[in-house]
Amino acid sequence: MKQIKKYTISGMIIIIIFLVIAAYYFSSLVLYPKVNCNLDHHVYCNGPSEVGLTFEEVTITTEDKLNLVSYWIPAKQSKGAIILVHGHGGQRNEGIRFAKSLHAAGYNLLLLSLRRNHGGFASMGFHEQKDVSAAIQYLKKKGYEKIGIFGFSMGAATSIIAMANHPEIQAGIFSSGYGSAIDVLVESANRDFGIPYYPLIPVVKLALNIRGEMDIDTVRPIDQIASISPRPIALFHCTMDDYVDYHHAKDLFAKAGEPKSLWSPECNRHERLWNFDPKEAESRAVGFFQKYLK
């Protein structure tokens, strides 16, 4: 009997140690993703000059004292300013695919560099709210009152929450975003690693919350998207997205108020709508902002 008890205790200790190590590993994947420019994904890795745009690097300081070195692309005949917000593990260059057409339509562009690139960590949209808030203040200080936002993946989720909390944002496009941060993490853990919710995910959540000084369960754009109305939004999402399932777009669209639109081309890679159909993607993005940010 004592031997059985000894083995039981030893087994429990091993399981606990395994859960702690695994939780640290998976929470690190979320908090500290490798940052890189993927030519297949982002296309343009050498800055706005690669598409013939004149730009300057500007430093935007957040309330927690991070300096976000971002791209500022001014327009001669300004219709307003648009903040472009990149995704998890991405960089400020992610929005360059849309930058040339939006700039040609007369918009000033701020390609925001998020905190993971400047001494911080990624938080699926929780702390990135401070980055977007700082960007809004930067534009307001420059005298811009017509502000739009265009977010990609995690940047889309971040932008939904930001737009709900900032009435200064008049129009928003959310591309390949998710309705709930923890839901998309649970789905990816199951899909990519075959990990069920129990027993590991609750421990990963705890690790994320402690290490990231956040509450990951509160990053739920789906709970806030309705409050954006009557300001206009557009959702872009591949129907066969291989990372953020298409149901997130459908769920967000169902919760959103009018005016709203959903473009869902039959592409099968995450955040590759522009890559799938550049002409249509640019036409829809420019058309949306020309209609609602003027």
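Helix α6 (181–193) gives the most to the lining of the largest pocket, with eight residues. That pocket has a volume of about 990 Å³. The model is predicted: local features need pLDDT of at least 70, side-chain atom pairs count only at pLDDT 80 or more, and totals for chains, interfaces and linings use all residues. Residues are numbered from 1 along each chain as its sequence is written, and side-chain values use heavy atoms, with hydrogens and water left out. Helices (H or I, at least four residues) and strands (E, at least two) are DSSP runs, numbered from the N terminus.

**The largest pocket**

- A pocket is an open set of points on a 1 Å grid over the protein atoms alone, where a 1.4 Å probe fits, with protein on both sides within 12 Å along at least five of seven lines.
- Lining residues have an atom within 4 Å of a point.
- Grid points are joined across faces, edges and corners, and the volume is the space filled by probe spheres set on the points.
- The lining of the largest pocket holds 40 residues.
- Leu29, Pro33, His88, Asp192 and Tyr243 are the lining residues that lie nearest the centre.
- Four helices each supply at least two lining residues: α1 (2–31), α2 (39–42), α6 (181–193) and α7 (200–211).

**Disulfides**

- A disulfide here is a pair of cysteine sulfur atoms within 2.5 Å.
- The count by this rule is two.
- Number the bonded cysteines in sequence order, and the pairing reads 1-2, 3-4.
- The link of Cys37 and Cys45 is left-handed, with -85° about the S-S bond.
- Buried means under 20% relative accessible area, exposed means over 50%, and partly exposed lies in between (1.4 Å probe, protein chains only).
- Cys37 is partly exposed at 25%, and Cys45 is partly exposed at 27%.
- Cys238 and Cys267 form the other disulfide, with sulfur atoms 2.0 Å apart.
- The link of Cys238 and Cys267 is also left-handed, with -95° about the S-S bond.
- This pair links distant parts of the chain, 29 residues apart.
- Cys238 sits in the loop between β7 (233–236) and α8 (247–255), while Cys267 sits in the loop between β8 (260–263) and α9 (273–276).
- Cys238 is buried, with a relative accessible area of 0%.
- Cys267 is buried too, at 3%.

**Helix α5**

- Helix α5 covers residues 154–165, twelve residues in all.
- From its first C-alpha to its last, α5 reaches 17 Å, close to the 16 Å expected at 1.5 Å a residue.
- The expected span is 1.5 Å times one less than the number of residues.
- α5 is mostly covered, with eleven of its twelve residues buried.
- Among the buried residues of α5 are Met154, Thr158, Ile160, Ile161 and Met163.
- The buried residues of α5 pack against β3 (80–85), α4 (128–141), β5 (147–152), β6 (169–175), β7 and α8.
- Contact means heavy atoms within 4.5 Å.

**Strands around β2**

- Strand β2 (residues 67–73) is mostly covered, with five of its seven residues buried.
- Two strands pair if DSSP finds at least two bridges between them.
- β1 (residues 56–61) and β2 run antiparallel, joined by six bridges.
- Glu56 stands opposite Trp72 in β2.
- The hairpin of β1 and β2 has five residues between the strands, and Lys65 there takes a positive phi near 70°.
- β2 and β4 (residues 107–112) also run antiparallel, joined by three bridges.
- Trp72 stands opposite Leu110 in β4.

**Backbone details in the loops**

- The peptide bond from Tyr198 to Pro199 is cis, with omega near 5°.
- Pro199 lies in the loop between α6 and α7.
- Another cis peptide bond joins Glu258 and Pro259, with omega about -5°.
- Pro259 lies in the loop between α8 and β8.
- Val43 is not a glycine, yet has a positive phi of about 70°.
- Val43 lies in the loop between α2 and β1 and is partly exposed, at 22% relative accessibility.
- Glu271 is not a glycine either, and has a positive phi of about 55°.
- Glu271 lies in the loop between β8 and α9 and is buried, at 1%.
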